[in-house]
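Okay, thanks for making time, everyone.

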Amino acid sequence: MSDHQLRVSKIRSGTVIDHVPGGQALRVLAILGIDGTGGETVSVAMNVPSDDMGAKDIVKVEDRELSQAEVDVISLIAPEATINIVREFDVVEKNRVVRPEEVHGVLQCPNANCITTEAEPVESEFTVLREGVRCVYCDTLLREDIAQYIQ
Ligand code: CTP
Ligand code: ZN
C-alpha cells in the first residue's frame, strides 16, 4: 500500500504489531493490558485488505516496547504477526513472532482446583498446541479467547 493510501498515520516511536489476523486487534490490546484508560496513544486498523492474509489488523502503540511474555501470548492468537520497533519514524527492528513451546507465569489456569491457582507458590505452565494451550498440572485445555486468562 503506498503512503497516500495509509489508513493510519506512521508513528514516530513505538511498536507496530502487523499481520494480525483480521478481527483480532482488540484481543492484542487486551493482551497488552490497554483499554484506553492508561492514556497510551494507540492506533488500530481492522480488516485491512492484505495480499498474503486476505484481511489483517494492525496495532500501533506509541512509546512502548513489548515484553517477551507479551509477544509470546500475542503469538498464540496471531501466529504470523510481525513486531516492528519504530524509532524516529524508521523501522529499526522487525521480528516475526515465534510460538513458544510453553508459556510460564503468563496465563492463569481457570481450574479452581489446579495447584497453580491455590496459595502455593507454583508458577502456571501451559504447553502450546495447535488447538490451544494445555495446563501442564491439570491438563485443562484453553481453546478460545486465550487473552482472558492472562494473569
Ligand atoms: N510503520 C508505522 N510508522 C513508521 C514506520 C512503519 O506505523 N514510522 C508501520 C507500517 O505502516 C507497517 C509496519 O509499520 O504497517 C511495518 O513497516 P514497514 O516495514 O515499512 O512495512 P512493510 O515493508 O510493508 O512491512 P512487511 O514487510 O513486514 O509487511
Ligand atoms: Zn491447571
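Let's start with the ligand. Keep in mind that this is a predicted model.

With the backbone, a nitrogen of ligand 1 sits 2.8 Å from a polar atom of I11. With side chains, one oxygen atom of the ligand is 3.2 Å from an N or O atom of D18. And for K94, the distance from a ligand oxygen to an N or O atom of the side chain is 2.7 Å. As for cover, ligand 1 has 600 Å² of accessible area on its own, and the protein covers 69% of that.

Now, the annotation. An unreviewed UniProt entry lists residues 6–97 as "domain: Aspartate carbamoyltransferase regulatory subunit N-terminal". In the model, that stretch is 42% strand and 18% helix, and its end C-alpha atoms lie 24 Å apart.

Last stop, the surface. There's a nonpolar patch made of I115, V136 and Y137, and together they have about 250 Å² of accessible area. Where is Y137 placed? Look at the loop between strand 8 (132–135) and strand 9 (141–142). And why does Y137 count as partly exposed? Because its relative accessible area is 41%, and that class runs between the 20% limit for buried and the 50% limit for exposed.

Technical notes
Residues are numbered from 1 along each chain as its sequence is written. Chains are lettered from A and ligands numbered from 1 in the order in which they are written. This is a predicted model: local features need pLDDT of at least 70, side-chain atom pairs count only at pLDDT 80 or more; totals for chains, interfaces and linings use all residues. Side-chain values use heavy atoms; hydrogens and water are left out. Patches are made of residues with over 30% relative accessible area and no salt bridge: like charges are joined within 9 Å, nonpolar side chains (Val, Leu, Ile, Met, Phe, Trp, Tyr) within 5 Å. Accessible areas come from the Shrake-Rupley method with a 1.4 Å probe; for residues, only the protein chains shown count as cover. A salt bridge is a side-chain nitrogen of Lys or Arg within 4 Å of a carboxyl oxygen of Asp or Glu. Helices (H or I, at least four residues) and strands (E, at least two) are DSSP runs, numbered from the N terminus. Buried means under 20% relative accessible area, exposed over 50%, partly exposed in between (1.4 Å probe, protein chains only). A polar contact is a pair of N or O atoms within 3.5 Å; within protein, one must be able to donate a hydrogen and the other to accept it, and residues adjacent in sequence count only if both atoms are side-chain atoms. UniProt positions are given in the numbering used here, feature names are shortened, and annotations may be inferred rather than shown by experiment.
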